[in-house]
Amino acid sequence: MVLMGDFNHPDICWKVNTSRHKQSRKFLQSINDNFLTQVVEEPTRRGVLLDLVLTNKEGLVGDVKLGGSLGCSDHEMVEFRILRGRSRAISRITTLDFRRANFGLCKDLLGRIPWVRALEGKGVQEIWSIFKHHFLQAQDRRIPKNRKSSKGGRRPAWMSKELLEKLKGKKEVYRMWKKGMATWEENRDVVRVCRDATRKAKAHLELNLARDVKDNKKGFFKYISNKRKTRENVGPLLNEVGALVTVDTEKAELVNAAFASVFTAKASPQENQTLKVGEKVWRKEDLPLVGENWVREHLGNLDIHKSMGPDGMHPHVLRELADVIAKPLSIIFERSRRTGEVPEDWRKADVTLVFKKEDPGNDRPVSLTSIPGKVNGTAHSGGHQ
């Protein structure tokens with residue numbers, strides 16, 4: 001969006017975003033609330049910046065310059081370019097569509113499998129592979145996938161089916177009014193109804209996000225991120241000799257070296273024959289069993305707003321299917337603890353960099369690991385029964 005015009009707020013200082021008058025402060029607050037950016041920097045009339053160009057996306061407006069007055073006007077002409085790519089990139093990322101999921105059929109598919117017989121006499125990696133195959137098969141069959149929409153084609157979070165129908169009706173009334181088949185008053189009333197409904201939907205969504213931010217932080221920050229319209233990339237990094245590195249491949253090597261330098265290799269589970277839980281040291285053969293009820297309880301408490309790990313098992317699906325997968329997972333957890341073997345998927349992580357400063361040592365890695373692996377780790381830390 002690009003919004004331009006003479007807004008007539010001469011007391012605003014755009015360098016520090018301050019103003020003297022109440023009306024100008026309200027105008028600045030409105031710009032901040034709608035995540036808009038003002039791109040004109042030079043005065044446009046008698047040494048005062050009155051004519052503004054506002055945009056909701058960084059990099060959309062460029063080459064802003066003043067071009068002298070037009071005719072008898074005492075305002076400077078503002079020239080700028082709207083920079084837009086010729087084609088919109090199509091996302092290849094697919095996500096699970098839980099609104100069309102059939103968890104009942106997923107439970108039926110997994111509930112038919114005789115898990116005790118299917119997992120008997122096999123190693124941890126093999127029984128995990130069997131469970132993972134059946135789980136992902138049921139997930140792919142009964143939970144459809146959608147291609148992740150780009151920001152330009154994504155519906156707003158506050159857009160409901162009812163509101164969408166009202167907006168379609170508003171367009172229809174407008175077309176009828178242009179053809180003389182409806183009065184101006186009818187069109188005005190429909191516009192007001194849709195405007196009020198849109199404002200209420202936005203306010204209701206933001207109120208729910210603010211109220212539930214402790215339980216759903218991901219939804220809150222996703223909404224804020226969508227408002228910003230831009231994503232921060234990793235900036236230039238300093239190498240070991242203090243030179244700035246700007247090439248992506250070289251930056252990746254620097255970050256990888258920084259993370260590898262602080263990595264500490266710990267003893268593998270096979271090397272440790274004892275496990276310290278609380279104040280007591282247990283031998284593996286003396287550890288309590290991992291009960292099916294314990295696994296079911298922990299799966300039922302999973303946060304469905306978290307992302308899945310590299311094994312492709314979403315916490316939402318694990319939580320919904322807790323009743324039918326608690327048995328095989330309890331067998332896998334118990335076998336892993338007794339033998340000291342850990343499935344390969346539990347040792348993998350999808351790592352994302354949180355860029356902070358030029359020094360790679362200041363950056364923070366955020367990793368996504370296997371959800372069942374985390375539950376198993378809880379059992380190791382003393383949550384077993």
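In this predicted model, helix H5 and helix H6 touch through residues from both helices. On the H5 side the contacts are made by Leu163, Lys166, Leu167, Lys170, Val173, Tyr174 and Trp177. On the H6 side their partners are Trp184, Glu186, Asn187, Val190, Val191, Cys194, Ala197, Thr198 and Ala201.

Two packed helices are described by the angle between their axes and by the distance between those axes. Here H5 covers residues 161–178 and H6 covers residues 184–211, and their axes come within 9 Å and cross at roughly 160 degrees. Angles over 145 degrees count as roughly antiparallel, and H5 and H6 are therefore roughly antiparallel to each other. The crossing in which H5 passes H6 is left-handed.

Another helix to look at is H1, which has twelve residues, 22–33.

Which residues of H1 are buried? They are Ser24, Phe27, Leu28 and Ile31. These residues cover an arc of only 95 degrees around the axis, which means that they lie on the same side of H1. The buried residues of H1 pack against strand S3, residues 51–55. The face of H1 turned away from this buried side carries the exposed residues Lys22, Gln23 and Lys26. Just after H1, the chain reaches phenylalanine 35, which takes a positive phi of about 55 degrees.

Technical notes:
Residues numbered from 1 in each chain as written. Predicted model: local features only at pLDDT ≥ 70, side-chain atom pairs only at ≥ 80, totals over all residues. Heavy atoms only, no water. Helix = DSSP H or I, 4+ residues; strand = E, 2+ residues; numbered from the N terminus. Expected span 1.5 Å × (residues − 1). Buried < 20%, exposed > 50% of the residue type's maximum accessible area, 1.4 Å probe, protein only. Arc of directions from axis to C-beta. Contact = heavy atoms within 4.5 Å. Axes fitted to C-alpha atoms, helices over the stretch in contact; angles between N-to-C directions. Parallel < 35°, antiparallel > 145°, perpendicular 65-115°, else oblique. Left-handed = near helix turned anticlockwise from the far one by under 90°.
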